[in-house]
Amino acid sequence: MQSVIRAQIKAFLEDDADTAYSFASPAIRTKFPDKVVFFEMVKRSYQHLYRPGNFAFGRSKVLGDEVFQEVLISGSDGKDWTAIYDLVEQPDGSYKINGVMMLQTASGPQL
């Protein structure tokens, strides 16, 4: 799951709409049937995923054919965020991103 998320974030950083869109689940592709519309939505609504500062993987949980993966992000705005990715297993055994919930989190102590 982490490799799927990492590859999509890399595609966002490289402004590669084709690759970023390739990781979207069928449900997301139904909602955003065009890669350009999908990419613009990410830029507008998920700025911290589109241009993260640093990110690291946190906890994960498996529920049936879905995996929820926590991603801890230091946003380019200096704020800390937690992204909860929902990935769903596909008939071929691969996983696609079915949604992301962003939560602003309290920053840790200054080092």
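This is a predicted model: local features need pLDDT of at least 70, side-chain atom pairs count only at pLDDT 80 or more; totals for chains, interfaces and linings use all residues.
**Helix H1.** Select residues 2-13. Next, colour Val4, Ile5, Gln8, Ile9, Ala11 and Phe12, the buried residues of H1. Viewed down the helix axis, they fall within an arc of 155 degrees and therefore line one face of H1. Just after the helix, Asp15 adopts a positive phi of about 55 degrees.

**Aromatic pairs.** There are 5 aromatic pairs in the count. Display Phe12 and Phe39: their ring centres are 5.9 Å apart and their planes lie at 50 degrees, so the pair is tilted. Because Phe12 belongs to helix H1 and Phe39 to helix H4, this pair ties together parts that are 27 residues apart in sequence. Phe12 is buried, at 2% relative accessible area, and Phe39 is buried at 6%.

Then select Phe32 and Phe38, an edge-to-face pair with 6.5 Å between centres and 65 degrees between planes. Both count as buried, Phe32 at 16% relative accessibility and Phe38 at 5%.

**The largest pocket.** Centre the view on Ile28, Met41, Tyr46, Gly99 and Val100, which lie nearest the pocket centre among its 17 lining residues. The volume of this pocket is about 260 Å³. Elements giving two or more residues to the lining are H1, helix H3 (26-31), helix H4 (35-45) and strand E4 (95-105). Of these, E4 gives the most, with 4 residues. Coloured by class, the lining shows 13 nonpolar, 3 polar and 1 charged residues.

Terms used. Residues are numbered from 1 along each chain as its sequence is written. Side-chain values use heavy atoms; hydrogens and water are left out. Buried means under 20% relative accessible area, exposed over 50%, partly exposed in between (1.4 Å probe, protein chains only). The arc is that of the directions from the helix axis to the C-beta atoms. On a 1 Å grid over the protein atoms alone, a cavity is a set of points where a 1.4 Å probe fits but cannot get out, and a pocket is an open set with protein on both sides within 12 Å along at least five of seven lines; lining residues have an atom within 4 Å of a point. Grid points are joined across faces, edges and corners, and a volume is the space filled by probe spheres set on the points. Ala, Val, Leu, Ile, Met, Phe, Trp, Tyr, Cys and Pro count as nonpolar, Asp, Glu, Lys and Arg as charged, and the others, Gly among them, as polar. Rings of Phe, Tyr and Trp (its six-membered ring) pair if their centres lie within 6.5 Å; planes under 30 degrees apart count as stacked, over 60 as edge-to-face and the rest as tilted.
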